[in-house]
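Thank you for making the time this morning. I would like to walk you through one structure, taking a few places in turn, so please have the view open while I speak.

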Amino acid sequence: MSASESPGNIPVRRFDTLVVGAGGAGLRAALELSRAEASTAVLSKVFPTRSHTVAAQGGINAALGNVADDRWIWHMYDTIKGSDYLADQDAVEYMCRAARRLVVELEHEGVPFSRTEEGYVYQRPFGGQSREFGGDQAARTCAAADRTGHAILHTLYQQNVRAGTYFFDEYLALDLIRDDEGCVLGAVAMAMATGELVIIQAKATLIATGGAGRVYRTSTNAHINTGDGLGLVLRAGLPAQDMEFFQFHPTGIAGHGLLITEGARGEGGYLVNANGERFMERYAPHARDLASRDVVSRAMVTEVREGRGCGPDGDHVLLRLDHLGEALISQRLPGIRESARRFAKVDPVVAPIPVFPTSHYTMGGIPTNRFGEVVVGPDGADHDEAVPGLYAIGECACVSVHGANRLGGNSLLDIVVFGRAAGNRIQDFLARNRYHRPLPEGAAEATRARLAELEAPPAAGSGGESPGRLRRELQTLMETHFGVFREPESMAAGIERLEELGERIRAMDMGDRGAVFNTARVEALELQNLYQVGLAAAHSARARTESRGAHVRRDHPERDDAHWLKHSLYYLDHHRLAYKPVRMQPLTVDAFPPKERVY
Amino acid sequence: MRLRIYRYDPEHDREPYLQDFELAPPGPMLLDVLEGLKEEVDPTLTFRRSCREGVCGSDGMNINGRNGLACITPVEELREPVTLRPLPGQPVVKDLVVDLTRFYEQYRSVQPYLQNDEPRPEHERLQSPAERAELDGLYECILCACCSTACPSYWWNPDRFLGPAALLQAYRFINDSRDTAEGERLDQLDDAFKLFRCRTIMNCAEVCPKGLNPTAAIGEIKKALFKRQT
């Protein structure tokens with residue numbers, strides 16, 4: 001690989017495809033491309049196996065029917081119902097049809113799935129799953145104990161090693177490069193070890209940077225989940241879709257936010273309030289503890305608000321597993337037993353785990369179609385026009401298969417299904433675009449200016465604040481004003497506070513101006529991304545005057561399909577919002593029209 | 001609480017040194033303390049971290065003389081001053097951040113991927129629960145490098161002994177009923193240094209934050225090699 005220099009004296013590296021992010025989505029796409037002998041570079045701000053896919057616990061959905069009879073179309077129905085009808089039905093059909101193939105393929109690649117007695121992949125029940133369109137509970141979630149994400153991420157990294165994928169480990173992507181015709185030509189990135197900039201030029205650029213759950217204070221997400229890909233896209237003038245929809249996972253360890261898998265309830269665990277009551281029976285008489293996550297989280301918050309919370313401060317509920325027995329817990333849920341003992345100081349074999357909803361998943365993201373192409377269009381026109389050379393997949397993208405509320409077990413599926421789809425689509429693109437387009441003059445100038453602003457010492461007496469303190473303030477603000485339940489006055493106040501916080505972020509003092517492995521600089525750059533995510537979520541939420549999935553307003557408690565069965569598009573410029581229709585037409589089957597959503 | 005932390009910034013320091021800090025722990029784990037120090041006391045303090053729950057393997061460091069993950073080390077159990085150093089024997093990039101390039105190369109050298117030369121069936125390959133149980137204690141490795149950098153044999157022969165982490169991964173595939181490359185894997189490891197430098201000191205098993213036992217896995221590889229010779 002030869003490095004040449006751009007006019008700006010920044011070294012240029014050239015690949016067919018640049019994949020930004022080395023979680024399951026990026027690695028699955030890279031595998032497809034490397035095996036097709038396209039030169040593929042994966043850039044990641046952490047060593048690949050440290051990406052947040054590693055923390056996924058419960059499993060990956062596919063209607064294999066290994067434990068109970070199942071059909072992909074039941075999975076499709078559950079996903080659309082779970083999304084509160086905001087998912088695009090063509091993409092959902094594609095994902096649910098592809099699920100079997102992709103999970104079998106993961107097994108062939110080496111994922112150490114748990115097994116049934118007959119030797120097939122073990123499957124457990126998960127929330128929002130049913131047979132025959134809302135009937136009995138399904139068991140659709142393929143699991144490797146409660147470490148499924150770890151098993152999948154390591155396997156995908158391992159197979160990329162075998163396939164010869166090139167890795168830029170510990171590089172942070174700072175900005176996309178676009179030419180006058182709007183084609184995306186790669187990205188400007190920074191090597192964390194040296195602080196040096198590099199241009200990675202590519203015919204196709206795929207963003208797979210994961211979610212932005214760290215925009216909230218209490219989160220299951222890793223520190224690295226700062227919405228970097230959303231920042232890349234928003235700064236390039238492109239929109240972010242459906243950002244008002246953030247998932248709060250019902251069972252974070254109270255006070256810590258650490259994830260206790262939904263698989264704990266799938267294996268038979270249940271929630272109780274201070275009276276020892278299985279309160280989910282009142283909120284979801286049929287599915288009870290395995291209702292959709294938005295439903296369970298709202299029920300828990302309601303129990304606490306109405307004074308039935310547990311603990312001295314009445315601020316959480318309890319997850320009981322003690323009736324399941326040590327053998328089952330050690331075999332099926334060993335990881336969460338370890339976490340509960342360590343962080344909640346309880347052994348779930350004998351005592352309940354204190355839990356409370358915690359920020360978990362970014363349903364919104366970079367608008368794409370089911371091929372992973374980033375799609376935008378002028379207002380009032382077709383929004384399905386692809387941005388040439390730009391792709392996005394996984395949690396940073398919004399296909400949308402999750403709509404207003406994602407089902408457990410569908411995120412690991414999303415990343416492999418659309419990772420493969422994008423890998424295939426990029427191969428078509430590469431066949432039609434055989435040569436690199438010239439880099440525009442000054443391709444890295446905007447990035448350099450942004451960095452220079454950060455480097456500048458704060459003006460005398462201005463007292464620039466640290467990225468860490470400002471990040472905490474952003475997280476607390478978002479939790480206060482844009483949490484599980486939303487109110488118009490509070491959201492308006494939240495947006496005002498965001499504006500004020502923005503000024504202080506512009507004046508922040510990162511406190512370390514060294515070149516070598518400067519994590520203060522990385523945190524400052526991450527905070528810029530996270531702040532833009534916060535803006536997108538806040539403005540999109542305030543505008544949507546209905547309740548749907550994870551977005552619940554006290555002043556508009558009902559879903560309003562007449563006005564709001566549509567996707568939000570947020571642009572950084574003047575916080576402009578636009579809307580586009582939900583794709584209600586599946587690929588081959590009849591549409592699932594919106595109806596009342598009960599569990 | 002009181003801490004003594006290894007500091008080294010190659011742009012400013014000729015030599016590394018230990019710096020004393022004092023801070024009321026902002027949370028129960030050592031990582032909470034490091035985050036607090038960085039946010040409130042010294043923004044230049046440098047360490048890696050991500051998941052903060054012991055699954056990503058980013059924040060391996062030497063804590064009071066013992067390798068471990070800061071995010072799952074409760075501060076209340078630590079003797080003060082808590083002395084923090086980078087993982088031993090690795091080139092230091094800055095403060096608690098070490099260069100793990102060689103560690104990763106050794107991992108990649110053991111062909112850490114499933115190999116199966118039989119045609120792929122239309123469904124998953126079958127594996128009994130008992131066969132799958134053979135992978136428990138092997139597949140959970142998070143590549144934090146706590147084990148290899150705690151191993152005296154690895155300190156002495158870091159370029160020739162593969163170290164416990166890479167060998168644990170080698171055995172994870174040797175022991176997978178679905179893998180058909182056992183012979184080649186054993187051929188590759190049958191080497192006085194790569195494998196046989198393990199002297200069963202067992203520091204690796206002692207420090208592994210996931211409770212895995214690389215020494216036992218290495219013993220199984222040795223056994224498989226002996227069995228093959230007889």
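**Strands, a helix and a histidine**

What we have on the screen is a predicted model, and I will begin with strand E8 of chain A, residues 171-178, where six of the eight residues are buried, so this strand is largely enclosed by the rest of the structure. Its partner is strand E9 of chain A, residues 184-191, and the two pair in the antiparallel sense over six bridges; within that pairing, Leu172(A) stands opposite Met190(A). E8(A) and E9(A) form a hairpin with five residues between them, and in the turn you will find Gly182(A), which has a positive phi of about 90°.

Let us move on to an open sheet in chain A, which is formed by three strands in the order E11-E20-E21 with antiparallel pairing. Strand E11 (240-241) and strand E21 (576-581) are the edge strands, each of them pairing on one side only. Strand E20, residues 566-571, is joined to E21(A) by six bridges, and Lys566(A) has Pro581(A) as its bridge partner there. Across E20 and E21 of chain A lies helix H15, residues 519-543, which runs at about 135° to E20(A).

My last stop is His223(A), in the loop between strand E10 (197-207) and helix H5 (228-235) of chain A. Is this residue buried or exposed? His223(A) has a relative accessible area of 14%, and it therefore counts as buried, the cut-off being under 20%. Leaving aside residues up to four places away in sequence, His223(A) touches Arg214(A) and also Leu31(B), Glu35(B), Arg49(B), Ser50(B) and Arg52(B).

Definitions and conventions
Residues numbered from 1 in each chain as written. Chains lettered and ligands numbered in written order. Predicted model: local features only at pLDDT ≥ 70, side-chain atom pairs only at ≥ 80, totals over all residues. Heavy atoms only, no water. Pairing = 2+ DSSP bridges. Helix = DSSP H or I, 4+ residues; strand = E, 2+ residues; numbered from the N terminus. Contact = heavy atoms within 4.5 Å. Axes fitted to C-alpha atoms, helices over the stretch in contact; angles between N-to-C directions. Buried < 20%, exposed > 50% of the residue type's maximum accessible area, 1.4 Å probe, protein only.
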